[in-house]
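Please look over the sequence and the model below before reading on.

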Amino acid sequence: MAKTLFEKLWERHLVKPETDELPAVMYIDLQLIHEVTSPQAFQVLRDRGLKVRCPQKTVATMDHSTPSLPPDANGTYPFVDEMAEAQVRKLEQNCEEFGITLHAMGGPNQGIVHVIGPELGLTLPGKTIVCGDSHTSTHGAFGALAFGIGTSEVAQVMATQCLLQRKAKTLAVNLSGKLQPGVSAKDLILAVIAKIGVNGGTGHVIEYRGEAIRALSMEERMTVCNMSIEGGARAGLIAPDEVTFNYLKGREHAPKGKAWDEAVADWKTLVSDEDAVFDQEVFLNADEIKPMITYGTNPGMAIAITDSVPDPRGEASTVKALDYMGVEAGASLLGKAVDVVFIGSCTNSRLSDLREAAQVMEGRKVADGVRVLVVPGSRFIKDQAEREGLHHTFLNAGAEWREPSCSMCIAMNGDRIQAGQVAVSTSNRNFEGRQGAGGRTFLAGPATAAAAAVTGVITDARTLQEVQHATV
Amino acid sequence: MQPFKQFSSKTVTLPVDNIDTDQIIPARFLKVTDKKGLGAHAFADWRYNDQGQPKPDFVLNSNAAKGAQVLVAGDNFGCGSSREHAPWALVDFGFKAVISTSIADIFRNNALKNGLLPIVVDKTFHSYLMEQAGQEVQIDLEANTITCGETSRSFEVERFARYCLLNGLDQLEYLLKSQNEIQAYEEAWA
């Protein structure tokens, strides 16, 4: 029988199949760990006298509570408070006690958990990958079944390398056509979420398909899969292809030599069969997608940047959201004054994102009164960006060039916006207070964020580039 | 864990759709390394003003909310982050059940592991519960029913999670008993 990619991944990982009474026992190939959602799980193991079953299939980093400023001359990090430091120290102790590899601050491989997994070649097609973090969906870009779990489940995987799972439904998101110049993967995924709604994917695993997806780079595919959870889907998948294999070849943990050839041969089978049936399908034409921006308090409330804020038609939750955001139905967002621009997060902190932002900011200055934070997703990216000189572009413009961390996406490390402030952010959540209590977040791609940085207002970056071309 | 069978409680209502886990517990309260006392921060940004004083017009600060163990909220409750701190905070606040027309996947899974029953009901009954804010409801997990006044509905809970709740068991125990199968799987796929 024809199978979807999800079904193939599901079947490969069944330790015990599901029954009416019992969920399936699913084997997990890789668990990623960070400081926020792991301490209580380690405590469960300690309380029960259990070990981590497969320390070699468990990899830790620190990213949420870590400062985005470097240590001082004595090597002391500027933690936001004692709790943040204690949480980071706890992770160090736990990894030491349970024998888990930790990519700690200052180390060559530290970074946002969903950035370093792929970078190190830990994320591979066909794997099941979990992390106590909802943006684990990122890794699905490689054809891995990857999803976020709670801390109780983190403990389950630590102790047994397995999870109890009910089989998800499948949702095919088909993207025909091709993204137009000036339109990014972030715009694509915001358009998808705007179409399916913030809970359109609940209970489903999304597979992104079609020529517009095939044309994306690996980094762009990660941006797309990253935000699957913002449409309610725990996981997003893209079938692996030559783009995937080229990205992975030679990475530290990727197979080598004969094992590589065998792996690629196997990975090529990880596609949905031609006549496979999905529980649901939606269709979008990438030709028609424009640069997107959110106007409300969930990522489904997104419009083309040239459109007007839709009429809430009296719907109470939407009225509340528009009021919180300080936007008016029927009005354009273009020209709205901006206080802060954040370029970073597991959605948009990779090299191609930084290059896209730098292209807009090159030779320009940050507008008066605007604070701009550029936070690379990993040490590797930071170093590479500096080799390319991107940091000069940001620093010369007047932006802050920070250390790898989640930073202002989740505002746990002291990087945050103030109540009432307007931020254009390349992160993934515009929830009330997400970037700081009372703050207003407008989600967009790196070019749109950079355009807001240099103009001080919400701006269609395409018009900016036209101006630039016209004056050459 | 305590077995979860049936209980009665008045409701408290939050008629807002898409309440995300950042609202249930803002990220700045996630720097803890244990689970204790998170109820103090439940809905912190809706509950307290800039000076940390309770906002009198927020429902969870009202007398009506005191002792309420059932939260009736708008559609797609618990969307967003995977933080289990969200159900920890709600349970610590005193809730034993949350009711909505839909509940986000990760939140639902987390809630079920912490003795917080996620109940999905149809729109008609949901509207009725919203109108009957503060009324007593009877929730019976053995019968899978929720009753408010003369009106009753059945609800569905994943069968194994329900079994664990009814018997006060936790799922890790079951996984630990699957060691032989896990080992066989590892050997087959090594």
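In which sense do strand 1 (residues 6-14) of chain B and strand 5 (residues 136-140) of chain B pair, and over how many bridges? The two strands pair in the antiparallel sense over 5 bridges, where pairing requires that DSSP finds at least two bridges between the strands. This is a predicted model, in which local features need pLDDT of at least 70 and side-chain atom pairs count only at pLDDT 80 or more, while totals for chains, interfaces and linings use all residues. Residues are numbered from 1 along each chain as its sequence is written, and chains are lettered from A and ligands numbered from 1 in the order in which they are written.

**Strands of chain B**
- Ser8(B) has Gln138(B), in strand 5 of chain B, as its bridge partner.
- Strand 1 of chain B also pairs with strand 2 (residues 70-73) of chain B, in the parallel sense and over 4 bridges, and there Thr13(B) stands opposite Val72(B).

**Contact between the chains**
- In chain A, 53 residues are in contact with 43 residues of chain B, contact meaning that C-beta atoms, placed from the backbone, lie within 7 Å.
- Helix 5 of chain A supplies the largest share of the side of chain A that touches chain B, namely 6 residues.

**Nonpolar core**
- The largest nonpolar core has 201 residues, and those with the most contacts inside it are Ile293(A), Val341(A), Ala450(A) and Ala453(A); such a core is a set of buried Ala, Val, Leu, Ile, Met, Phe, Trp, Tyr and Cys residues joined through C-beta atoms within 7 Å, and buried means that 20 or more other C-beta atoms lie within 10 Å of a residue's own.
- Helix 6 (residues 185-196) of chain A gives the largest share of this core, 9 residues, helices (H or I, at least four residues) and strands (E, at least two) being DSSP runs numbered from the N terminus.

Methods
Contact = placed C-beta atoms within 7 Å. Buried ≥ 20, exposed ≤ 12 C-beta atoms within 10 Å, placed from the backbone.
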